[in-house]
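Here is a walk through a protein model with two chains, written for someone new to reading structures. Have a look at the picture first, and then we'll take it piece by piece.

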Number of protein chains: 2
Amino acid sequence: MSTAACRIGLLGFGTVGSAVARRLTRIDPLHNLALTHIFDRRAALKKRRFEHPVCWTDRIDDLLTSDVDIIIEAIGGVDPAVDWIRSALLAGKSVVTSNKQAIAQDGPALRQTAARQGRQLRFEAAVGGSMPIVRAVADGLAGDRIQRIVAILNGTTNFVLSRVETAGGSIAEAIDDARERGFAEADPRADLDGIDAAAKLSILCALAFQLRVDPSTIATRSSGDLASGDFKRARDSGGAIRQLAYAGYDSSRRVLTAWVAPACVRRGSFFARTTGARNAAVITGEFAGDVQISGTGAGGDATAVAIISDLLAIARDRAAIVPAPILSTPAAIVGPSVDRLLRAEAV
Amino acid sequence: MSTAACRIGLLGFGTVGSAVARRLTRIDPLHNLALTHIFDRRAALKKRRFEHPVCWTDRIDDLLTSDVDIIIEAIGGVDPAVDWIRSALLAGKSVVTSNKQAIAQDGPALRQTAARQGRQLRFEAAVGGSMPIVRAVADGLAGDRIQRIVAILNGTTNFVLSRVETAGGSIAEAIDDARERGFAEADPRADLDGIDAAAKLSILCALAFQLRVDPSTIATRSSGDLASGDFKRARDSGGAIRQLAYAGYDSSRRVLTAWVAPACVRRGSFFARTTGARNAAVITGEFAGDVQISGTGAGGDATAVAIISDLLAIARDRAAIVPAPILSTPAAIVGPSVDRLLRAEAV
C-alpha cells in the first residue's frame, strides 16, 4: 500500500496537460496523486488561468531536479520531448506520455532506459484515445498470438470522413467544421495523410508482434484528396470510407503488411458504425479470434483518462518491474494493394 | 528480468484446464512458463491423454506443498475451489483463476489474503471470455469515474437467443444445438436464468464501483421461458432479444441498479450485432464516454488466452504489489423495471 502521496510534475499545459491538471486537482483527492509542478514555456501567462497552488516554471531543469516521482510529458513532437523523457528517466522519475511520435520513434530505447533505471514508462494515451488498446494488446491479449490489427486510429480524420458521409459537402468543409469543434489542428495534414495513424500503428507493431518498425516505412495514402465521387461510389456499393490502419504479420516469412489508407468498409460494419472522433480496433488472435474495442479518440478529457490510469498503475507499485521488450526487424514491410483495400470491406 | 522459468501447477483438467495445458506445452516455449504439476480427481485416467511429462496427482496437498510458483484454478464452483485458492495463497503461491462464482463470492477476502501474502490473485478469465474487460475496467479506465456497465456476459445464452433469432425454432431446440457444438453444459439453467452473468456482474461492480455485491442480491429474469411470440414482437418492433447485464451506480445516493434479464435491443446496435457465443460490453465513464469491447465469450481456447495473459503478468514481476481494494456496500440495490428494459433499446 502506498502511504505518501505520489508527487507529479506536468510538462506542457495545452489541451491535454490542462485537462489532466484539472482532474488531478479536483477536490476529491484522486487516489493519492499530488500535482506539484507544472512546466510550460509560457508559465507566467498560463498560471493565471489555474488557481490551484503548484510550482510553475518555464525551465525544464526545475522539473528534472525536483522531488516529483512521475513526470507527465504532454508537449508532443519528437524534439525536445524525447530528450526530456530520457532525462526524466535518468533523473529517476517514471514517465507517462501521450506522445505517439516520440514512442513510435524512440519507444524501444526509452523503454530500455526505463527498465535499466528501475522506473516505468507508460503510454496508454499515445494510441487510441480512451480505448485502452495499449493494455489490451500488450497485456490482456499477451497470452494469444496476435496475427492482425485493423483499426481507426485518427479521430480527426474519422470525424471528417463520417461528416462528409452524413452531411455531404467537401473534405475542406468538413475540416473547417472539425476545427470549429476543436477536433482538428490548424494544419490537419498529418492526420489526413496518415502520418499520425502510422506512428500509432508502429507502436502497436512493437506491442503485438515485437517488431521495430520505423513509422516512416509504413505506406500511407492520404484521405485528404478524396472527392465527392469517391464517397458516392462507396455509398452506391453499400459501403462507407474510413481511414484504416492495417498491420498483419506473417511470422514464418517475417513479412509485415502495414499501411494507412482510406478504404471502403461495408455499411453497418463495426468500422462504418464508428463515426465522429471515435477510434476502433479489431485485434485478431490465433486462439481468441477477434477482439473489438472502441472509444473516444480525441479531446483532452479522454486523453486525460488514459494518462491518469497510467499514473495510478505506477502509484500502485512504484517498484514494479516492466522489462523492455526484445524487438526484431521484419524481413520485409509490404504496403497496401488495391486487392487488400477491397478486402477491407470484409472487416 | 526473470531468469528461472516460472513453475506452474494446474488444478483441473477439463475443457479449460486441458486447453491451458496444451498451450503451455507447445514446442515454442511460451515466455519461460513451465507447467510442472497437474491435479485432477481422475489423474490416473487423464494422464494417458496427455503425453507431456508433468507430475500428475489426485491429492491436492501434493500441489500445495510442491515448488510451483503459480497455481491455475480451473475446477470451477465455490466448494472446494475457494478453500484451495486460499490454501494456495497461504502456501506462498500466486493464483490465476477462471472461477467467477469463487471470485464473485469470496474475491474481496481472497484478494486481501493475496496482498497480505505478497502474492497475486488474477482472474481475467472469470469475466468476458477473451475480451480483456477485467483489465479494461480495473486498470485501463481506472482514471475515469465509471458510471455504468451494460454487457452481454454469458456466451451460452447469447448463442441460444441469437440462434432462435436467425434460425427460428424454440429455446429448447437452440439449447440442443448449443450442446452439440459444445457451447452449453448438460444443464444450462445457470446460464439462461442469469446466475452466471450475475456472478460476473458482481465482479465488475467491485472493479468499477468498489462495491461489495453478493451476486444473489442481483435481480435476474430468466431467458429460458421466452416464447416465439416474444421474439416475433421484438422483431416487429425493429429489435432483437439479448440477455443483458446492467450495473449503474449513483454514488451520491449510494444506489446501485443491477440486473440480468432478457431485453429488447435495437436491430443493428452493438448488442444486436453480438451474435453466437460472443460477449460484449459498453463501459460508460464520466470523462471518456462510452468504451465498447467484445470478444469470444466461451470455449477452452479463448479462456486459455485470458489465463495465460495473467500468468505472463505474474511471471514478468513476481514481486509486484497488487493492493486489495477497499470496498463499500451500496445503501440499496435496485432491480429492473419495465421502463428500464425498454430503455435498453437505446444501447
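Predicted model: local features only at pLDDT ≥ 70, side-chain atom pairs only at ≥ 80, totals over all residues.

## The parallel sheet

Now look for the open sheet of six strands in chain A. Going across, the order is β3-β2-β1-β4-β5-β6, and the pairing is parallel. At the edges stand β3 (55–57) and β6 (121–122) of chain A, each with a single partner strand, so one side of each has no neighbour in the sheet. One pair to pick out is β1 (residues 6–11) with β4 (residues 70–73) of chain A, which run parallel and share four bridges. In that pair, G9(A) sits opposite I71(A) of β4(A).

Chain B has an open sheet of six strands too, in the order β3-β2-β1-β4-β5-β6 with parallel pairing. Here β3 (55–57) and β6 (121–122) of chain B are at the edges with a single partner strand each, so one side of each is left without a neighbour. Strands β1 (residues 6–11) and β4 (residues 70–73) of chain B are joined by four bridges, and L11(B) stands opposite E73(B) in β4(B).

## Helices that pack

Which strands of chain A does helix α12 (residues 300–316) of chain A lie across? They are β1, β2 (33–39), β4, β5 (94–97) and β6 of chain A, and the helix runs at about 160° to β5(A). Helix α12(A) also packs against α1 (residues 15–24) of chain A, at an angle of about 65° and with the axes 8 Å apart. This crossing is right-handed. Among the residues that meet are V16(A), A19(A) and V20(A) in α1(A), and A304(A), I307(A) and I308(A) in α12(A). Sorted by class, the contact has six nonpolar, four polar and two charged residues.

Another helix pair in chain A is α5 (residues 100–117) and α10 (residues 195–209), whose axes come within 8 Å and cross at roughly 35°. The crossing of α5(A) with α10(A) is left-handed. The residues involved include I103(A), A104(A) and G107(A) of α5(A), along with A199(A), I203(A) and A206(A) of α10(A). This contact of α5(A) with α10(A) splits into six nonpolar, three polar and three charged residues.

## How the two chains meet

Time to bring the chains together: 39 residues of chain B are in contact with 39 residues of chain A. On the chain B side, α6 (133–140), β12 (289–296) and α12 (300–316) each supply at least two residues. Helix α12(B) gives the most, with eleven residues. That side of chain B divides into 21 nonpolar, eleven polar and seven charged residues. There's strand pairing between the chains as well: β12 (residues 289–296) of chain A pairs with β12(B) in the antiparallel sense over three bridges. In β12(B), Q292(B) is the bridge partner of S294(A).

Most peptide bonds are trans, and most residues other than glycine have a negative phi. With that in mind, check the peptide bond from D79(A) to P80(A): it is cis, with omega near 10°. P80(A) lies in the loop between β4 and α4 (81–90) of chain A. In chain B, the bond from D79(B) to P80(B) is cis, also with omega near 10°.

R254(A) is not a glycine, yet its phi is positive, at about 55°. You'll find R254(A) in the loop between β9 (239–250) and β10 (255–266) of chain A.

Definitions and conventions: Residues numbered from 1 in each chain as written. Chains lettered and ligands numbered in written order. Contact = placed C-beta atoms within 7 Å. Nonpolar A, V, L, I, M, F, W, Y, C, P; charged D, E, K, R; others polar. Pairing = 2+ DSSP bridges. Axes fitted to C-alpha atoms, helices over the stretch in contact; angles between N-to-C directions. Left-handed = near helix turned anticlockwise from the far one by under 90°.
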